[in-house]
Amino acid sequence: MLYSQSTSNQPLLLGKEIWIVDEASLLSAKDAHALLQRAGQEQARIVLVGDTRQLSAVEAGNPFKSLQAGGIAIARLDESLRQQTQELKTAVTLIAQDKVIEGIQALDQAGCIREIQDSEQQLQQLVDDYLKLSPQERSRTLLLAGTNQQRLELTQRIRERLQAEGTLACIIHEQ
């Protein structure tokens, strides 16, 4: 991108451009108005990407949803490529259709949901499952804990097991 010689270091936009706004549902009315005005001045086109069912702007207004309701041209992505198994694809499709209960039931029937009542066993199972993953899989895995105390305990147990295996130093140095 070219920058102007002014002291503001604002980008100097030349020619026709396409601006892509991801998570457009987070745009407030004020921000969307400013964006549209600037795009008009720069003769740029805007592509808004997002999901009206996700979070909306903190400030007033929901222009992304309003534009769609007003008849703006829409392209929909109706097939998810992220899920690798048919069970996950089915569950995601059901949930996307607001059939959350059916989606959870599909996951449960496929054996994807396991409930462990005992908190000690829960932590141990999380640690065991995490450590069975390859380093590449671990780097793409997100572990969630319900409380800060559980997060600290989970982190401590994983560190202790990695140290016992002699792999913690390797992981720290790779980052």
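I looked up the largest cavity, whose volume is about 50 Å³; on a 1 Å grid over the protein atoms alone, a cavity is a set of points where a 1.4 Å probe fits but cannot get out, and lining residues have an atom within 4 Å of a point. Volume here is the space filled by probe spheres set on the points, which are joined across faces, edges and corners. The model is predicted, so I note that local features need pLDDT of at least 70 and side-chain atom pairs pLDDT 80 or more, while totals for chains, interfaces and linings use all residues. Residues are numbered from 1 along each chain as its sequence is written, and side-chain values use heavy atoms, without hydrogens and water.

Among the residues that line the largest cavity I noted Leu27, Ile46 and Phe64. Helix 1 (29-42), strand 2 (45-48) and helix 2 (63-69) each give two or more residues to this lining; helices (H or I, at least four residues) and strands (E, at least two) are DSSP runs, numbered from the N terminus.

Next I searched for salt bridges (a side-chain nitrogen of Lys or Arg within 4 Å of a carboxyl oxygen of Asp or Glu), and the whole structure has five. Arginine 161 pairs with aspartate 128, their closest N and O atoms being 2.8 Å apart. Because arginine 161 lies in helix 7 (residues 148-165) and aspartate 128 in helix 5, this pair ties together parts that are 33 residues apart in sequence. Arginine 157 and glutamate 153 also form a salt bridge, at 2.7 Å from N to O, and they are four residues apart in helix 7, about one helical turn. Salt bridges with shared partners join Glu120, Glu153 and Arg157 into one network.

Methods:
On a 1 Å grid over the protein atoms alone, a cavity is a set of points where a 1.4 Å probe fits but cannot get out, and a pocket is an open set with protein on both sides within 12 Å along at least five of seven lines; lining residues have an atom within 4 Å of a point.
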